[in-house]
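I opened the model to look up how its strands pair and what lines its pocket. My entries follow.

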Amino acid sequence: MRGVYVLIIEVGRPMEIEIGQLRGVKFEPGTYAYVGSALGGIEARLRRHLRRKKRAHWHIDHLLGYQDVRVKGAYVLETTEAMECRVAQALAREFPVVSGFGSSDCRCKGHLFRCKESPLLRTLRRIGFNPF
């Protein structure tokens, strides 16, 4: 399966992290949504994200490496089109974005959003995502 995915992430404590050129990124406890694409295969990408031990390649790898951060679930949209930025832009209209996170290779404000889980899931279902 190829397409776009959204990770539902729980941050368990306040933290401030540095990831590459992103300095002092602050996280409050709560739910976050990360938009990514896997046009080469969603299953393998999600398995990688769920592994604790891995080489950090993307911004999300660094965040998921913290002990108090966990993936609660994932939603997928099967497609062969590059839709990651369109999904991120749709979420940015409804939820606060973590500026610069996950968007170093595009013009989006970010691909990580602070949100409440219920409104996020309604939005994802509305735009065609399904639980993985």
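I count two strands as paired if DSSP finds at least two bridges between them. My helices (H or I, at least four residues) and strands (E, at least two) are DSSP runs, numbered from the N terminus.

This is a predicted model, where local features need pLDDT of at least 70, side-chain atom pairs count only at pLDDT 80 or more, and totals for chains, interfaces and linings use all residues. Residues are numbered from 1 along each chain as its sequence is written, and side-chain values use heavy atoms, with hydrogens and water left out.

Sheet. I looked up Val76 and found Asn130 in S7 as its bridge partner. Strand S5 (residues 69–78) pairs with S7 in the antiparallel sense over 2 bridges. I then traced an open sheet of 5 strands, antiparallel in its pairing, in the order S6-S4-S1-S5-S7. S6 (112–115) and S7 (130–131) are at the edges with a single partner strand each, so one side of each has no neighbour in the sheet.

Helices. I took contact as heavy atoms within 4.5 Å. Axes are lines fitted to C-alpha atoms, for helices over the stretch in contact, with angles from 0 to 180 degrees between N-to-C directions. Helix H1 (residues 42–50) lies across S1 (3–11), S4 (30–38) and S5, at about 20° to S1. Helix H3 (residues 84–92) lies across S1, S4 and S6, at about 160° to S4.

Pocket lining. I sorted the lining of the largest pocket by element: S4 gives the most, with 3 residues. S4, H1 and helix H2 (59–64) each supply at least two.
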